[in-house]
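Please consider the protein model shown below.

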Amino acid sequence: VETVVQLLQEARVFNPPLRAYTVLNKAFPRGSDNAEAAALLRESPEVWTYLDTPLGLRKAFSNAFGGGAAVTEYQPKDAKAMAEMMALYRHVFYTNVVS
């Protein structure tokens, strides 16, 4: 986290309106790790906007991306992976996050 924060701060010197977003990727299905990671990411609101749309640790993501496809194109369909990706997509493109 510290390295990315530093890189974003350096990048803003050259691009002041730069906006950055963060999301949990490879989130675990249970346990406190996700909440702890989210809390850490929320500590830097001046650096990025935390999006509460985690992507789970799902084989469909690695299989799809490894084959050059989106998880929504991958066969067989993984409804949970597709729902997570579509939630992130809707959040980014339809909830005024990017304006």
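The largest nonpolar core comprises 10 residues: Val-5, Leu-8, Ala-20, Leu-24, Ala-27, Ala-38, Leu-41, Val-47, Trp-48 and Tyr-50. Such a core is a set of buried Ala, Val, Leu, Ile, Met, Phe, Trp, Tyr and Cys residues joined through side-chain atoms within 4.5 Å; buried means under 20% relative accessible area, exposed over 50%, and partly exposed in between, with a 1.4 Å probe and protein chains only. At least two residues of this core come from each of α1 (2-14) and α2 (33-42). Helices (H or I, at least four residues) and strands (E, at least two) are DSSP runs, numbered from the N terminus. A second, separate core has nine residues, including Ala-60, Phe-61, Val-71 and Val-92. In soluble globular proteins, nonpolar side chains tend to be buried together.

The model is predicted: local features need pLDDT of at least 70, side-chain atom pairs count only at pLDDT 80 or more, and totals for chains, interfaces and linings use all residues. Residues are numbered from 1 along each chain as its sequence is written, and side-chain values use heavy atoms, leaving out hydrogens and water.

Thr-53 lies in the loop between β3 (49-50) and β4 (55-56). Thr-53 counts as buried because its relative accessibility is 9%. Leaving aside residues up to four places away in sequence, Thr-53 touches Val-23, Ala-87, Leu-88 and His-91, where contact means heavy atoms within 4.5 Å.

Lys-26, in strand β2 (residues 25-27), counts as exposed because its relative accessibility is 53%. The phi of Lys-26, a residue other than glycine, is positive, near 60°.
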